[in-house]
Amino acid sequence: NIPAKQVSGDYFDYLTREDGCIIFTLADVSGKGAASGLMMSRASSLFRIFARQNMSLSNIIIKLNHEICESTSSGMFITMVVGCFDPQKKQITLINAGHEPVVLIDSNKQLHSYPANFRPVGIMPIDDEEESIESTIIDADEGKIFIYTDGVTEGYINKNKEELGVEGVEKIIKENYQSSLKDIIDIIIQTLKQSDQDRRDDITCLGIKF
C-alpha cells in the first residue's frame with residue numbers, strides 16, 4: 001500500500017477464523033486525503049468486527065453498507081472485494097462490490113478475470129428484498145490471485161502519462177508467474193515508479209497463492 005498523499009484511502013486486511021479459513025478484504029474509498037482516510041478507518045474497523053463474528057460475506061457487505069450509508073457524507077462510497085480463502089479445499093469465495101476485476105492466473109498460466117458482481121458500498125441502502133448477495137466461487141489446484149485498486153491500472157508508466165491499464169497488469173503477472181507474490185507485486189510497483197510523474201491515486205495490491 002503506497003499512499004498518494006499523507007493518508008491513504010485504500011485498505012487491505014485479513015484474519016484467520018477458528019475453522020482455518022482466511023477472511024480478507026481490499027477496499028478503495030472515493031476521493032483522496034483526510035476525508036477518505038477517516039472513512040476508510042471506520043470501514044476497516046467495522047470489517048474486523050463483522051468478520052470476527054463469523055458472518056457470511058454477504059452479511060459483511062450488507063452490514064457495512066448500512067453503517068456507511070448512515071454515517072457518510074453525500075457522494076462518498078467504497079469499492080471493495082471481500083473474500084474467504086479455504087486452504088483445505090483450495091477454494092476462494094468472494095464478492096466484488098464495484099471494484100477492479102480480480103485476476104487469477106492458474107497453473108497453466110491462463111488468466112481468469114472476475115469483475116464486480118455488486119454495486120459499491122455506501123451508494124444507497126440495500127432493499128429488504130436484497131437479503132443476500134451472490135458470491136463468486138473460485139476453485140483451483142494451484143494458482144495465484146491478485147486484487148488491486150484503480151491507482152494501479154490508472155498509474156503512469158512513462159513521461160508521456162501512459163497508464164499501465166488492466167492489460168499491463170495482466171502482462172506483468174503472466175510474464176512473472178514463477179516468481180513469488182511479493183516479487184510480482186514489486187515489479188508492478190517499480191513499473192509505476194518509472195514515470196517520475198506525481199502519483200494521482202493510492203496504490204494497493206494484494207496477492208493470494210493457492
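Predicted model: local features only at pLDDT ≥ 70, side-chain atom pairs only at ≥ 80, totals over all residues.

Residues are numbered from 1 along each chain as its sequence is written, and side-chain values use heavy atoms, with hydrogens and water left out.

**Stop 1: the whole chain.** Colour by secondary structure and you'll find 5 helices and 9 strands. Helices (H or I, at least four residues) and strands (E, at least two) are DSSP runs, numbered from the N terminus. Walking along the sequence, the pattern reads β-β-α-α-β-β-β-β-β-β-α-α-α-β. Of the 210 residues, 50% count as buried, meaning under 20% relative accessible area, with exposed over 50% and partly exposed in between (1.4 Å probe, protein chains only).

**Stop 2: helix α2.** Select residues 57-71. This helix has 15 residues and reaches 21 Å from its first C-alpha to its last, close to the 21 Å expected at 1.5 Å a residue; that expected span is 1.5 Å times one less than the number of residues. Now show side chains for L57, S58, I60, I61, L64, N65 and I68, which are buried. They sit on the same side of α2, because they cover an arc of only 160° around the axis, judged by the directions from the helix axis to the C-beta atoms. What covers them?

**Stop 3: the cores.** Stay on I60 and display F47, F50, A51, M55 and V82: I60 is in contact with them, leaving aside its neighbours within four places in sequence. Contact here means heavy atoms within 4.5 Å. I60 is also among the residues with the most contacts inside the largest nonpolar core, which has 30 residues. Such a core is a set of buried Ala, Val, Leu, Ile, Met, Phe, Trp, Tyr and Cys residues joined through side-chain atoms within 4.5 Å. Its largest share, 7 residues, comes from α1. Next, pick V103, V169, I189 and L192, which belong to a second, separate core of 18 residues.

**Stop 4: Q110.** Finish in the loop between β5 (102-106) and β6 (111-114), where Q110 lies. Q110 touches L104 and I105, not counting residues up to four places away in sequence. Draw a distance from Q110 to K174: their C-alpha atoms are separated by 8.1 Å, though the two are 64 residues apart along the chain.
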